[in-house]
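Q: Can you walk me through this one? I have a few quick questions.

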Protein chains: 2
Amino acid sequence: MMNDSIDIHTHVVPENFPAYAGNGANVPWPSMAPAHACHRHVMISGKVYRTVADGSWSAARRLENMGPMRVARQALSPMPELLSYWLALEDARALIRYLNEQIAAMIAAAPERFVGLGAVPLQDVDSAIRELEYMLRELKFCGVEIASHVNGVSIGDARFEPFFAAAEDAGAAVFVHALRPAGQDRIVGAFPEQAVCFPGDIALAAASMITGGIAARHPKLRIAFSHAGGGLAILLPRLVHAWNKISKAKESLAESPATYARRFFYDALVFDPAAVRFVVESFGSSQICIGSDYPFNMGDLDPVGTLEKAGFDAGVLAAIRSGNAKRFLGL
Amino acid sequence: MMNDSIDIHTHVVPENFPAYAGNGANVPWPSMAPAHACHRHVMISGKVYRTVADGSWSAARRLENMGPMRVARQALSPMPELLSYWLALEDARALIRYLNEQIAAMIAAAPERFVGLGAVPLQDVDSAIRELEYMLRELKFCGVEIASHVNGVSIGDARFEPFFAAAEDAGAAVFVHALRPAGQDRIVGAFPEQAVCFPGDIALAAASMITGGIAARHPKLRIAFSHAGGGLAILLPRLVHAWNKISKAKESLAESPATYARRFFYDALVFDPAAVRFVVESFGSSQICIGSDYPFNMGDLDPVGTLEKAGFDAGVLAAIRSGNAKRFLGL
């Protein structure tokens with residue numbers, strides 16, 4: 001019952017954004033508008049993108065909610081739709097810097113309870129590396145949140161390798177979150193795209209970090225995938241099979257895809273004890289961390305409870321509650 | 001050690017195709033060309049689409065291979081790239097009729113050992129229903145193979161509901177196979193797209209049959225998903241969570257997504273005993289069947305062996321080896 005857990009997957013939306021000050025026309029620059037009690041609307045291009053609770057920006061509200069969640073410390077990362085890869089670089093740099101400073105201000109309110117995983121403008125790798133260095137040096141963040149792809153280009157693409165090399169060298173944690181997922185045009189009905197498609201897209205991102213070779217070439221990179229890597233746990237034996245059967249695949253990777261997958265970290269955000277057990281069985285009990293998606297409604301607001309129902313022994317439970325997150329975040 | 005298993009997931013490629021006899025220009029009509037011993041190239045638009053072994057067309061070779069695989073009976077379905085949804089309707093109808101007659105000829109060679117899951121031109125729902133009726137009545141097939149989407153449109157889209165209604169009424173088995181998957185543009189490296197992306201695409205198809213309501217409205221439809229439903233097992237608790245949290249989603253479905261998912265059938269093609277256990281835990285031991293992907297190199301040529309390593313009791317093993325397939329196929 002100790003409140004010692006570390007939650008690597010929580011999101012920040014600022015209470016306000018500065019007005020757009022760039023030179024573009026029809027830029028999808030976000031703003032905030034009043035909603036019902038304790039909530040605000042995130043407005044993008046004149047529409048409500050999402051309505052979010054005040055835990056999104058209020059350190060005090062977070063601390064209040066963390067008690068019943070039994071979470072000692074949260075990693076704060078931006079709501080992924082704010083990552084701004086689709087904005088012109090100067091606009092993205094301005095918005096991202098603002099986001100990172102807002103996260104830093106929340107950390108300053110309770111430095112023992114929060115750590116930062118900031119944003120970088122990954123549409124320009126050099127700028128992304130400079131923002132990463134700024135966050136680590138000036139804001140004392142643990143690392144960075146990136147999306148599962150950059151405007152449709154897999155993060156496993158060689159063009160992003162210098163960014164991952166810089167993160168590896170600097171000892172920065174990289175948290176990869178699904179965003180604007182593949183297959184949105186192949187779902188139907190009243191369920192939102194993040195419910196149906198996020199697990200597939202984060203699996204593509206994790207698989208691509210293996211199949212493209214970046215994971216093999218950067219063995220000290222500390223990288224975690226949201227939503228427990230989505231479909232990757234089910235997909236991994238198929239990747240191993242392909243590696244064994246297809247000579248081009250085997251020539252491209254020195255070791256089995258499973259070797260690299262078991263170096264990655266994952267949150268345990270699968271909402272079900274049996275699924276948590278399978279994720280732990282697939283990737284190893286040393287690689288799974290608590291992740292709640294706080295404060296969003298697709299989150300698990302009792303992540304420790306879900307974990308406890310999986311029936312792990314005390315050592316595994318402690319590793320998943322905090323030990324693995326300390327290693328991932330470099331605490 | 002009995003050779004009593006039923007394999008619901010095997011593919012046929014004819015030894016030859018008739019020359020194209022339609023009126024189109026640059027039609028991607030397939031042909032076959034010689035390759036190394038016991039193999040032929042499938043040629044599409046002048047390129048080798050895939051090189052396939054003679055088990056693809058030879059009933060005798062299949063029977064020879066089924067012994068060591070401990071498979072008593074195979075369901076024969078076309079290689080998915082032959083489903084021809086992208087051809088002009090008259091071209092597709094001609095190719096699909098040829099495929100179905102070829103499958104019927106293979107069944108005639110050993111009617112106790114093979115059953116048919118034929119193709120239909122699902123780009124035109126009325127034509128698809130007519131071909132389904134023909135296959136059931138004239139060719140005595142058990143049912144049909146369809147892809148996870150039709151030219152990018154989810155099979156869960158309302159336009160396809162009359163086809164599923166007809167299959168339900170006729171008692172036809174519907175086997176859904178991944179094809180031209182979402183996210184192909186989000187992978188990198190030397191692994192083929194079917195290795196990395198099929199599990200995500202079949203999950204989208206299965207989820208859409210739930211979220212769009214077709215599964216709820218057709219409770220007697222017998223439908224099976226390839227590759228164990230791909231990411232669906234990991235995704236399902238998230239769908240349940242969304243259904244509980246999002247009022248629009250809950251209003252759209254009378255019962256939990258898990259209720260419908262546990263009515264579907266799935267093959268066990270996940271290459272790993274722990275993954276098979278998780279699939280069985282997720283969907284129920286009554287819903288999983290042997291599926292090998294014979295004779296392709298992304299297949300599991302010891303599907304019964306993989307299953308046996310999962311450590312099920314004799315009753316569950318028997319259900320997965322044959323009992324569930326008999327129910328799915330209506331044998």
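The chat below covers the interface, one glutamate and a sheet.

Q: What kind of model is this?
A: It is a predicted model.

Q: OK, the interface. How many residues of chain B are in contact with chain A?
A: 60 residues of chain B are in contact with 60 residues of chain A.

Q: And what area is buried between chain B and chain A?
A: About 4800 Å². Carbon and sulfur atoms give 69% of that area.

Q: Which residues in chain B lose the most area to chain A?
A: B:Arg186, B:Phe191 and B:Arg238. Together they account for 20% of what the chain B side buries.

Q: How many salt bridges cross the interface of chain B and chain A?
A: The rule finds four. One pairs the side chains of A:Glu281 and B:Arg277, at 2.8 Å from N to O.

Q: How many residue pairs are in polar contact between chain B and chain A?
A: The count is 20, with both residues at pLDDT 80 or more.

Q: Which helices of chain B supply at least two residues of the side that touches chain A?
A: α5 (193-196), α6 (198-211), α8 (232-245), α9 (247-252) and α11 (273-283). The largest share, nine residues, comes from α8(B).

Q: What is the make-up of that side by class?
A: The side of chain B that touches chain A has 32 nonpolar, 17 polar and eleven charged residues.

Q: Switching topic. Where is B:Glu81?
A: B:Glu81 is in the loop between β5 (71-78) and α2 (89-109) of chain B.

Q: Is B:Glu81 buried or exposed?
A: B:Glu81 counts as buried, because its relative accessibility is 11% and the cut-off for buried is under 20%.

Q: What does the side chain of B:Glu81 pair with?
A: The side chains of B:Glu81 and B:Arg180 make a polar contact of 2.5 Å.

Q: Which residues does B:Glu81 touch, leaving out those up to four places away in sequence?
A: B:Ile44, B:Tyr49, B:Trp86, B:Leu179 and B:Arg180.

Q: Now chain A. What is the strand order in the open sheet?
A: The order is β1-β5-β6-β7-β10-β11-β12-β13 in chain A. That makes eight strands, and the pairing is parallel.

Q: Which strands stand at the edges?
A: β1 (5-12) and β13 (288-289) of chain A. Each has a single partner strand, so one side of each is left without a neighbour in the sheet.

Q: How many bridges join β5 to β6 in chain A?
A: Three bridges join strand β5 (residues 71-78) to strand β6 (residues 114-118), and the two run parallel.

Q: What stands opposite A:Gln74?
A: A:Phe114 in β6(A).

Conventions
Residues are numbered from 1 along each chain as its sequence is written. Chains are lettered from A and ligands numbered from 1 in the order in which they are written. This is a predicted model: local features need pLDDT of at least 70, side-chain atom pairs count only at pLDDT 80 or more; totals for chains, interfaces and linings use all residues. Side-chain values use heavy atoms; hydrogens and water are left out. Helices (H or I, at least four residues) and strands (E, at least two) are DSSP runs, numbered from the N terminus. Buried means under 20% relative accessible area, exposed over 50%, partly exposed in between (1.4 Å probe, protein chains only). A polar contact is a pair of N or O atoms within 3.5 Å; within protein, one must be able to donate a hydrogen and the other to accept it, and residues adjacent in sequence count only if both atoms are side-chain atoms. Contact means heavy atoms within 4.5 Å. Buried area is the accessible area (1.4 Å probe) that two parts lose on being put together, summed over both. Ala, Val, Leu, Ile, Met, Phe, Trp, Tyr, Cys and Pro count as nonpolar, Asp, Glu, Lys and Arg as charged, and the others, Gly among them, as polar. Two strands pair if DSSP finds at least two bridges between them.
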